[in-house]
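Biologist: Could you take a close look at the side chains that carry charges or aromatic rings, and explain how they are arranged? I am new to this structure and would welcome each term with its cut-offs.

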Amino acid sequence: DSINMGGLIGLCSPDGGPCGGGAEAHEDEGRSRGRPSSPNTESKRRLLNDSETSSEAESSIEKGSQSNRKYSIESKINLAERRILCPPIIAKHILSDDKFMEIREKMEQNAIEKYKSDIEHINFQEDCWVIKGKDSISLEEHIDLFDVVIWRVPLIPAFSHFENEQQLYEKLNKQKAITNIEPITEGIWGILSKETFIKTFERNLLTEIDIINDENHCYLEDEEDYESIKSKLKKISVMKKSNEIIIIGQKKCAQHIIKTIRMREIDHPSIMSMYNLRRTSYAWEIKSDDPEAPDPHVITSNYCIISNVPLNATQESIEDILTKYERWTYATIMEQDNEEKDIGDNDSDDENENEKRNKPSLGYQFAKIEFDNPESLQAFVDDLEKNEMNVGYNKVSLKRHATEKRKRKRRRLYAGHMIV
């Protein structure tokens, strides 16, 4: 028996075939003859298959991870949110009013429409807003829209009485035109006079609202004559103590409105004289030795009595006809002309009283109207004599007019009360 040296030294395959590609052919041939495959070959095949399967699985897992990561990032972007607290007094009281509820909802809708690339959703809860958008940075840029304040603002009487904010804007604009007012007012929820606020809400609610502290008027620092403006506002501050308005809205817009008001306060005709109050004399001052100086011991009244005043006339109806006349000081309705007396009548007081009670009604009343100078009285009397003045459906007429002097009563002021 010869020894297969090639097989021993490993130059040939174990079955005597050449090394290399022939091994597979012989394996196939061996399988075709029914011989079992080599254990080593099966192991290699299994390892190769397992490796391919593992690579495919890893590739699939990696793709899945990338997909999940992308979805996770997108979810975080869609769920980015910011909570902004609403001042308690606004959330609890102001928003209980339907008008302000509608204003708040309109503000939210406008914010979404104007900044739809950054804000996707706004939800108002009990005491805060929850806003959602693509990312937190974009949401942070629009926080000012939800920085809402409510302030009590002292101001001069000329600007403190109005029915609605439109009337206030008209007053401000009449004195000096307001340019580009829409950006200033679009964030204002409402401006109310003190009277209107009390009618709409409880009076006690006023005490819970902060009074704006703007003594330094920092929002006016960009004005060229800032120091002069500040000095003028300080001089007229005494006129503002009992006059207030209430501003509700975005903080920036509220500051713009207050700045506009302050700039018009310093130029308003009603307070111009206060700037030089200490350096000027009083034009109305009359010295005691002046021939036209009034007698300090008596009160001079220029009055007239009118008749045919309707029985259902009121004090307001008399004052209505006086609105176009200057310098009237007093008006009152009388059942009869008490000043018309019979000088020669010496009857006792009891008899006069009985006569007064038994006297039948005339079907009309009288009125006494006083003026503080003869010229004003004469202008009123001239119109009466033309027979063109009515109170209600009655045409009133002049009964008489005169000037009277009444002794001035001495009074004392004690503990804030006038004592006769």
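Modeller: Lys-99 lies over the face of Phe-100, at 5.6 Å from the ring centre; a charge is placed over a ring when NZ of Lys or CZ of Arg is within 6 Å of the ring centre and within 35 degrees of the ring normal. This is a predicted model, in which local features need pLDDT of at least 70 and side-chain atom pairs count only at pLDDT 80 or more, while totals for chains, interfaces and linings use all residues. Residues are numbered from 1 along each chain as its sequence is written, and side-chain values use heavy atoms, with hydrogens and water left out.

Another lysine, Lys-368, sits over the face of Tyr-303, 4.8 Å from the ring centre.

I turn next to the aromatic rings. Searching the whole structure gives eight aromatic pairs, a pair being two rings of Phe, Tyr or Trp (its six-membered ring) with centres within 6.5 Å, called stacked if the planes are under 30 degrees apart, edge-to-face if over 60 and tilted for the rest. The ring centres of Trp-129 and Trp-189 are 6.5 Å apart and the planes stand at 85°, so this pair is edge-to-face. It joins distant parts of the chain, since Trp-129 belongs to strand S3 (residues 128-133) and Trp-189 to strand S5 (residues 188-193), 60 residues apart. Helices (H or I, at least four residues) and strands (E, at least two) are DSSP runs, numbered from the N terminus. Trp-129, at 0% relative accessibility, is buried, and Trp-189 is buried at 3%. Here buried means under 20% relative accessible area, exposed over 50%, and partly exposed in between (1.4 Å probe, protein chains only). In the pair of Phe-371 and Phe-380, the centres are 5.5 Å apart and the planes at 40°, so the arrangement is tilted. Phe-371 and Phe-380 are both buried. Trp-129 and Trp-189 also belong to one aromatic cluster with Phe-124 and Phe-146.

The charged pairs come next. Side chains of opposite charge can pair when their charged atoms come close. The whole structure holds 16 salt bridges, each defined as a side-chain nitrogen of Lys or Arg within 4 Å of a carboxyl oxygen of Asp or Glu. Arg-83 and Glu-81 form one of them, at 3.9 Å from N to O. Arg-83 is partly exposed at 47% relative accessibility, and Glu-81 is partly exposed at 37%. Glu-140 and Arg-82 form another salt bridge, their closest N and O atoms being 3.0 Å apart. This pair links distant parts of the chain: Glu-140 is in helix H6 (residues 136-140) and Arg-82 in strand S1 (residues 80-85), 58 residues apart. Both partners are partly exposed, Glu-140 with a relative accessibility of 42% and Arg-82 with a relative accessible area of 30%. A further salt bridge brings together the side chains of Asp-383 and Lys-386, at 3.9 Å from N to O. Asp-383 has a relative accessibility of 22%, so this residue counts as partly exposed. Salt bridges with shared partners also join Lys-368, Glu-370, Glu-404 and Arg-406 into one network.
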